[in-house]
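Okay, thanks for coming, everyone.

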Amino acid sequence: MRLNKSTDIALRIAMRLAMAGPEEAPTTREVAEAMAVPYTHAAKVVSRLQHLGVVEARRGRGGGLSLTSAGRTGSLGRLVRELEGVGDVVGCEDDPPCPLRAGCRLRGALRNAQEAFFAALDPLSVSDLVEPPTGPLLLSLGSR
């Protein structure tokens, strides 16, 4: 299984924000540059993370991004499920639909594998992801 690019960007942004000090509130542009992602993609992802209650964004002078307490300690599995959506791993109902869909066992097996993937992430949080050596590396990528 491979995560969508936007989920990858979202997790990297959340990890970077988890390492921001209380006085630091990086902008979307600064986080995009530090994480080596296009600003436009980062802006869309930050908007989605705000909607999910993971990131708080303040506008204007002294504004910037911060990770909420729910974003810091919430289940990583839940977050990835929200970001990825509930779609099938394979396109059984695509156009044209798979001719095996009426009696195929692959779809169910892949759905179980997908849920096992998410379940492995359930006990983790963004805070867990930034334990050394990751956290110090994130800080070295650039800050205000």
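So, let's begin at Ser69, which is exposed, with a relative accessible area of 55%. By exposed I mean over 50% relative accessible area, with buried under 20% and partly exposed in between, using a 1.4 Å probe and protein chains only. Ser69 sits in helix H4.

Quick caveats. This is a predicted model, where local features need pLDDT of at least 70, side-chain atom pairs count only at pLDDT 80 or more, and totals for chains, interfaces and linings use all residues. Residues are numbered from 1 along each chain as its sequence is written, and side-chain values use heavy atoms, with hydrogens and water left out.

Now the overall picture. We have eight helices and two strands, and along the sequence they run α-α-α-β-β-α-α-α-α-α. Those are DSSP runs numbered from the N terminus: helices are H or I with at least four residues, strands are E with at least two. The C-alpha trace spans about 60 × 30 × 25 Å along its principal axes. Of the 144 residues, 34% count as buried.

On to helix pairs. Two packed helices are described by the angle between their axes and the distance between the axes. Here the axes are lines fitted to C-alpha atoms over the stretch in contact, and angles run from 0 to 180 degrees between N-to-C directions.

Take H1, residues 5–18, against H3: the angle is about 75° and the axes are 9 Å apart. That makes H1 roughly perpendicular to H3; the cut-offs are under 35 degrees for roughly parallel, over 145 for roughly antiparallel, 65 to 115 for roughly perpendicular, and oblique for the rest. Ser6, Ile9, Ala10 and Ile13 of H1 meet His41, Ala42, Val45, Val46 and Leu49 of H3, where contact means heavy atoms within 4.5 Å. By class, that's seven nonpolar, two polar and no charged residues. Nonpolar covers Ala, Val, Leu, Ile, Met, Phe, Trp, Tyr, Cys and Pro, charged covers Asp, Glu, Lys and Arg, and the others, Gly among them, are polar.

The other pair is H5 (76–84) with H6 (106–121), whose axes come within 6 Å and cross at roughly 135°. So H5 is oblique to H6. H5 brings Leu76, Gly77, Val80, Arg81 and Glu84, and H6 brings Glu115, Phe118, Ala119 and Leu121. This contact has five nonpolar, one polar and three charged residues.

On a 1 Å grid over the protein atoms alone, a cavity is a set of points where a 1.4 Å probe fits but cannot get out, a pocket is an open set with protein on both sides within 12 Å along at least five of seven lines, and lining residues have an atom within 4 Å of a point. Points join across faces, edges and corners, and volume is the space filled by probe spheres set on them.

The largest pocket comes to about 200 Å³. Which element gives the largest share of its lining? That's H3, with four residues. The lining includes Val46, Ser47 and Gln50, and its classes are four nonpolar, six polar and two charged.
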